[in-house]
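Hi there,

Here is the structure I promised to pass on to you.

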Amino acid sequence: EEQYALKDWCETTLKPLLEKHSGGVFHTFGSCENGFWMKGSDVDACLVLPRCTKKQSWLTKLRLVQSLAEREKLGFVELVRAARVPVAKLQDASGADLCDVSVNNVAALENSRFVGALSRLDWRVPCLGRFIKHWASQRRINNRSEGTLSTYTLILQLFYFLQTRDVPVLPKVTSILVKPLDVAVSNSIAGGTSQSGNAAEVTMKAVNALISSDEMDELSGELRPLPFLTDMAAMKEAGRFPHMGQNQESLGDLL
């Protein structure tokens, strides 16, 4: 309940403040949106802004976030400038993390929606994902800044495992694209080969690698329509995943 209250606070207090003064749109993403939220996790958020494509511009907007949050006495803000995607880390008076705000981190927004769409297809997926997150955290192998794997990478590995069971638990990415790939390309990927003949190259392809358009129009700040189906009923109606609901393995079996 405490975590959901935190997310609600971000939506009702932080979001209107930042949108009013930045001219952007505030989105939450990550585990608080995709079904893999765990106790102690903070909220990841992103301001989507037009004509803001350079790191220096992102830092300018994050300094605005810092100024607004501290002016309104919402907490203390630490700017992490050196990160690949800079963030403003908002903390309460005790130092507990409240929200990490980034700017135009639109690939992460879409990735979260992709993960969320697949996690909702089978009740076992969020359970397995949270177990893997806890397991990786205990072994300190889930922190990209320390040279280990990101949580997103670990979840993609889980998806691949579930897609390749004798009776698949999840559909392949190519099966749920809104606009199906060219038949030749789709067959090549399904067969595990690329034009270069490199099977690993194909295995590692994600949604962004299969879609040519950018996630966001830089001039307008408009996000593109999601290139994959997110609704279970729509997948069933389109016949995209004939094995849906057929895998009967227990959580223990899958672990």
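Below is what I found, going from the whole protein to single residues.

A word on the ground rules first. This is a predicted model, so local features need pLDDT of at least 70 and side-chain atom pairs count only at pLDDT 80 or more, while totals for chains, interfaces and linings use all residues. Residues are numbered from 1 along each chain as its sequence is written, and side-chain values use heavy atoms, with hydrogens and water left out.

**Overall**

The protein has 11 helices and 5 strands; these are DSSP runs numbered from the N terminus, with helices being H or I of at least four residues and strands E of at least two. Of its 255 residues, 42% are buried (buried is under 20% relative accessible area, exposed is over 50%, and partly exposed is in between, with a 1.4 Å probe and protein chains only). Among contacts with a separation of 6 or more, 61% are between residues 24 or more positions apart; a contact means heavy atoms within 4.5 Å.

Histidine 27 sits in strand β1 (residues 25-29) and is buried at 17% relative accessible area. Leaving aside neighbours within four places in sequence, the contacts of histidine 27 include Asp44, Cys46, Leu109, Arg113 and Leu223. Asparagine 105, in the loop between β5 (97-103) and α4 (106-119), is buried with a relative accessible area of 17%. With neighbours within four places again set aside, asparagine 105 touches Phe29, Cys46 and Val85.

**Salt bridges**

Side chains of opposite charge can pair when their charged atoms come close. A search of the whole structure gives 8 salt bridges, each being a side-chain nitrogen of Lys or Arg within 4 Å of a carboxyl oxygen of Asp or Glu. One of them joins glutamate 33 and lysine 7 at 3.0 Å, N to O. Glutamate 33 is in helix α2 (residues 31-34) and lysine 7 in helix α1 (residues 2-22), so this pair ties together parts 26 residues apart in sequence.

Another joins arginine 165 and glutamate 249 at 2.6 Å, N to O. Arginine 165 lies in the loop between α6 (151-163) and α7 (183-190) and glutamate 249 in the loop between α10 and α11, so the parts tied together are 84 residues apart in sequence. Arginine 165 is partly exposed at 24%, and glutamate 249 is partly exposed at 22%.

Aspartate 122 and arginine 124 also form a salt bridge, with their closest N and O atoms 2.8 Å apart. Here aspartate 122 is buried at 10% relative accessible area, and arginine 124 is buried at 4%.

**Surface patches**

Patches take residues with over 30% relative accessible area and no salt bridge, joining like charges within 9 Å and nonpolar side chains (Val, Leu, Ile, Met, Phe, Trp, Tyr) within 5 Å. Phe131, Trp135 and Leu255 make a nonpolar one, with about 320 Å² of accessible area together. Tryptophan 135 belongs to helix α5 (residues 124-138) and is partly exposed at 37%.

Do explore it, and enjoy!

Best wishes

Terms used. Accessible areas come from the Shrake-Rupley method with a 1.4 Å probe; for residues, only the protein chains shown count as cover.
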